[in-house]
Amino acid sequence: MLFALSPIALVWAGLVFFTLLTLLHKLYTALTNPLRKFPGPWLCHYSNVPYSYWLLRRRKEFWIHSMHEKYGPVVCVAPNEISFNTAQSWKDIYGFRHGHQTFIKSEFYDGYMFIEEGIHGIITSRDPKEHASMRRFMSHAFSSLALKEQEPLVEDIIEHLVANVREIGVKKGEVMEFDWWLRLCMFDIMGSLAFGKSFDALKNGGQHPSVKFIHEATRQVGIIDIMKRFPIAGKIYALFFARTLLRLLEGNKKHEQFALKIAQERLANPSKRPDFLTRLQENMDESQGAIHIAAQAAELLQAGTDTTNITIKTALNYILRDKALYNRLKNEIRTRFPTYKSINAQDAVSLPFLRTVILEAMRIYAPVAPGLPRLVPRGGDTVDGIFVPEGTVVSTNAFSANLSSRNWEDPMTFKPDRWAKDRVSKSWDILEAAQPFSLGPRGCIGQNLAWVEMNFIICKLMWSFDFELVNADMDLHRDSFIDTLWNGAPLYLRVRVQTDINGEYGI
Ligand code: HEM
């Protein structure tokens with residue numbers, strides 16, 4: 001009977017059969033999916049399409065937040081993925097919990113840098129044992145002593161930034177795309193610390209291949225994520241868009257080679273320069289070579305560049321919209337430091353109002369906005385009192401936890417005083433819902449350095465200049481996209497030299 005069909009009819013019959021089988025399989029997995037009891041749109045329980053659609057539109061965190069506002073603190077966002085947005089979920093998923101197994105990083109972290117060599121850096125390492133030994137190894141580069149020694153290197157780059165602002169913003173009177181200059185500054189700082197020399201991005205207006213690469217790499221992460229969710233479609237995409245993928249991979253390769261060359265050079269010519277490389281070299285063992293150092297340096301560059309830059313940009317954006325807050329911050333900085341030369345990192349990090357401004361900036365526009373995916377360990381475990389089956393990918397969505405109307409009073413309003421130690425207002429904010437640096441064994445190892453950089457930069461800038469926001473019609477949330485990290489609207493500022501204090505840098 002089957003042989004009576006023409007070849008074309010046979011192909012059609014095969015296609016229909018295959019489609020029916022796939023649909024039946026989908027239906028079966030949907031009906032037996034243990035996550036179906038979790039709230040969320042029905043489609044998310046059995047398809048990665050909504051998740052990938054919003055990822056491609058670069059507004060995934062906005063979508064997840066809208067679902068949390070609608071369905072509550074736990075939402076099924078993809079067939080095997082649950083998002084939380086509560087303070088307790090941070091502790092349960094990422095923290096140390098006595099008597100519980102670790103929730104390890106999911107496959108999301110696989111395969112970015114040094115893929116062919118199978119070598120990870122501290123961020124992408126998923127194995128808890130491998131990571132713990134890396135963390136010990138890296139901790140020397142992030143100790144308080146190391147940080148103290150790194151301060152002059154950081155300050156040197158900040159001086160370049162201040163000089164650029166004086167030259168372009170004050171002397172030439174140009175409106176400055178300020179986040180671009182901040183980005184270059186952070187890039188040079190990380191170059192100086194992780195690669196042993198500044199990239200001179202501030203000097204050359206960003207003409208360094210790694211600046212472009214790091215920017216593109218954040219988009220690459222999203223594309224790889226989608227390709228992992230749809231392996232067959234991913235292969236077809238790879239076939240049709242081979243050139244785009246090759247370009248991305250080429251950028252990756254060049255950045256790897258660049259990192260490797262720097263590491264090899266440094267190992268061949270040991271130095272006493274107090275940067276990360278020196279500390280890492282001092283603590284290497286025989287099992288490690290230049291490639292291991294290069295993998296760490298490449299990841300540090302990504303971790304420490306846009307996170308800090310985005311925070312400073314956010315703080316400036318909100319402060320410059322509120323005259324009272326702006327004057328309060330200016331006064332705190334200019335009173336604490338009578339001269340420009342008296343500005344130092346230690347005092348800069350202890351300014352109480354500046355601290356609350358930065359905390360509020362990291363709340364309202366989380367520098368690392370997406371949920372950081374983790375796997376529920378064998379046997380399943382509870383998150384915020386809810387049992388989640390083993391193998392489920394869970395995360396606390398930082399963007400949503402920081403803006404949830406269940407966690408914050410008036411969440412969309414920039415109110416640094418919610419963080420004041422002597423809080424007199426009766427706000428019921430759940431401060432622990434915001435964990436900008438994450439927590440537990442995989443929490444940010446660079447946070448002390450980040451505080452030094454951010455406070456130091458803001459103090460030096462606000463001491464030296466008066467700022468005016470030019471594009472006040474810009475809305476940071478409305479006008480931003482997320483490619484793992486923010487790809488936000490530019491911040492245009494007009495700059496004048498400050499006239500409150502006649503410091504030695506007055507022009
Ligand atoms: C405002 C600035 C910063 C924020 C908000 C921030 C945030 C974070 C977050 C959320 C994580 C967890 C990532 C994950 O679980 O996948 C992390 C990890 C990490 N961060 Fe930062 N970071 C900042 C600055 C820095 C700086 C300046 C450095 C230094 C170069 C740095 C180095 C790292 C490293 C190495 C890790 C991985 C730690 C580990 O897995 O043991 N970060 N950071």
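Before we set off, a word on naming: helices (H or I, at least four residues) and strands (E, at least two) are DSSP runs, numbered from the N terminus. What you are looking at is a predicted model, where local features need pLDDT of at least 70 and side-chain atom pairs count only at pLDDT 80 or more, while totals for chains, interfaces and linings use all residues. Residues are numbered from 1 along each chain as its sequence is written, and side-chain values use heavy atoms, with hydrogens and water left out.

**Stop 1: the two domains**

Colour residues 1-32 one way and 33-497 another: these are domain 1 and domain 2 in the domain assignment, whose bounds come from an automatic or database source. The centres of the two domains, taken over C-alpha atoms, are 47 Å apart. Now look for where they meet: five residues of domain 1 are in contact (heavy atoms within 4.5 Å) with four residues of domain 2.

**Stop 2: a greasy patch**

Select Ile8, Val11, Trp12, Leu15, Val16 and Leu20, and show the surface. Together they make a nonpolar patch of about 640 Å². A patch here is built from residues with over 30% relative accessible area and no salt bridge, joining like charges within 9 Å and nonpolar side chains (Val, Leu, Ile, Met, Phe, Trp, Tyr) within 5 Å. The areas come from the Shrake-Rupley method with a 1.4 Å probe, and for residues only the protein chains shown count as cover.

Click on Val11, which sits in helix α1 (residues 7-32). Is Val11 buried or exposed? The scale runs like this: buried is under 20% relative accessible area, exposed is over 50%, and partly exposed is in between (1.4 Å probe, protein chains only). Val11 has 52% relative accessibility, so it counts as exposed.

**Stop 3: the iron**

Next, select the iron atom of the ligand. Which protein atom is its donor? There is a single one from the protein, SG of Cys444, 2.3 Å away. Donors are N, O and S atoms within 2.8 Å of the metal (3.2 Å for Na, K and Ca), and because water is not among the atoms, sites may look incomplete. Cys444 belongs to the loop between α18 (398-403) and α19 (447-464).

**Stop 4**

Asp410 is not a glycine, yet it has a positive phi of about 55 degrees. Ser438, not a glycine either, has a positive phi of about 60 degrees. Asp410 is partly exposed at 41% relative accessible area, whereas Ser438 is buried at 11%.

**Stop 5: salt bridges**

Time to show side chains. A salt bridge is a side-chain nitrogen of Lys or Arg within 4 Å of a carboxyl oxygen of Asp or Glu, and by this rule the count comes to 30.

Start with Asp179 and Lys313, whose bridge is 3.5 Å from N to O. Asp179 is in helix α8 (residues 178-194) and Lys313 in helix α14, so this pair ties together parts that are 134 residues apart in sequence. Both residues of the pair are buried.

For a local pair, select Lys253 and Glu256, bridged at 3.0 Å, N to O. Both lie in helix α12 (residues 242-268), three residues apart, which is about one turn of the helix. Lys253 is partly exposed at 28%, while Glu256 is buried at 5%.

Then go to Arg328 and Asp417, with their closest N and O atoms 3.0 Å apart in a salt bridge. This pair links distant parts of the chain: Arg328 is in helix α15 and Asp417 in the loop between α18 and α19, 89 residues apart. Both count as partly exposed, Arg328 at 38% and Asp417 at 35%.

**Stop 6: a strand residue**

Last, select Phe481 in strand β9 (residues 481-483). What does Phe481 touch, not counting residues up to four places away in sequence? The list is Arg57, Arg58, Arg59, Trp486 and Asn487. Phe481 is partly exposed, with 34% relative accessible area.
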